[in-house]
Protein chains: 2
Amino acid sequence: MATEILEPPLSKVECATSLGHVTDALYVLGGKWKLPLILTLVQGPKRFGEIMKEVEGISPKVLAKELKDLELNEFIARRVYATTPVNIIYEATDYSRTLRNVLHELSNWGEQHRERIKQSMRR
Amino acid sequence: MATEILEPPLSKVECATSLGHVTDALYVLGGKWKLPLILTLVQGPKRFGEIMKEVEGISPKVLAKELKDLELNEFIARRVYATTPVNIIYEATDYSRTLRNVLHELSNWGEQHRERIKQSMRR
């Protein structure tokens, strides 16, 4: 990997502040599923079954719990349409769209990480 | 919160790719402690006890496990100095510095999130 020119390291106080903010962020976003679920719903509103298909490996029980958590924290909204049968749609709120940059950087990093793993397996 | 002008939504294929990358990233970085630990060590090399003090709430047992995981994934290096008593120092590798943007965005977001919580508590 090419060495990049790094900005000067953070001061002790800046670092402690930053550590607090990252901890705050992970407190609501932590775990295996929240960010993938937000990313899926930011793309467009979906039904429970559609989310199950898109986010591989999640069980219905865990998905139900995670959706409830995300709704409580106002990242998603659950809309119930009184059709027959009842139609329940989950959609991303504007607040979850504030995570755009976080998701973008995580996605970029994940891509580079996968490349790195591939290369190290070839060696 | 001010409404911001959003870029056009991702296509279905772009979204699935991005979802894969975010999942890859969370696979190695997931959990409550990895990113805070990396952030602490990016600031400078530290001993076990120093990390304990800086990262609040982590138990010695969990810290030992997390450090081992991070070492295996090449985010940190463990240096043993044959002094008396033996001196063990943990330091961030260049690879963990590739997470700079991710940490920066998470920290920004965490800061805004805390502001939002504060405001909603005032109401």
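How many residues does the contact take from chain B, and how many from chain A? It takes 35 from chain B and 35 from chain A. Contact here means that the C-beta atoms of two residues, placed from the backbone, lie within 7 Å.

Some housekeeping. This is a predicted model: local features need pLDDT of at least 70, side-chain atom pairs count only at pLDDT 80 or more, and totals for chains, interfaces and linings use all residues. Residues are numbered from 1 along each chain as its sequence is written, with chains lettered from A and ligands numbered from 1 in the order in which they are written.

Back to the interface. The largest share comes from α6(B), with twelve residues. By type, the chain B side has 17 nonpolar, twelve polar and six charged residues. Nonpolar covers Ala, Val, Leu, Ile, Met, Phe, Trp, Tyr, Cys and Pro; charged covers Asp, Glu, Lys and Arg; the others, Gly among them, count as polar.

Of the interface residues of chain B, 100% are also interface residues in chain A, so the copies meet through the same surface.

Next, α2(B). Nine of its ten residues are buried, so this helix is largely enclosed by the rest of the structure. Among them are Pro36(B), Ile38(B) and Thr40(B). Buried means 20 or more other C-beta atoms within 10 Å of the residue's own, all placed from the backbone.

Last, the chain itself. Chain A has six helices and two strands. From the N terminus, the order is α-α-α-α-β-β-α-α. Of its 123 residues, 30% count as buried. Strands β1(A), residues 76–81, and β2(A), residues 87–92, run antiparallel, joined by six bridges. Pairing takes at least two DSSP bridges. Ile76(A) stands opposite Ala92(A). A hairpin of five residues links the two strands, β1(A) to β2(A).

Note on methods: Helix = DSSP H or I, 4+ residues; strand = E, 2+ residues; numbered from the N terminus. Buried ≥ 20, exposed ≤ 12 C-beta atoms within 10 Å, placed from the backbone.
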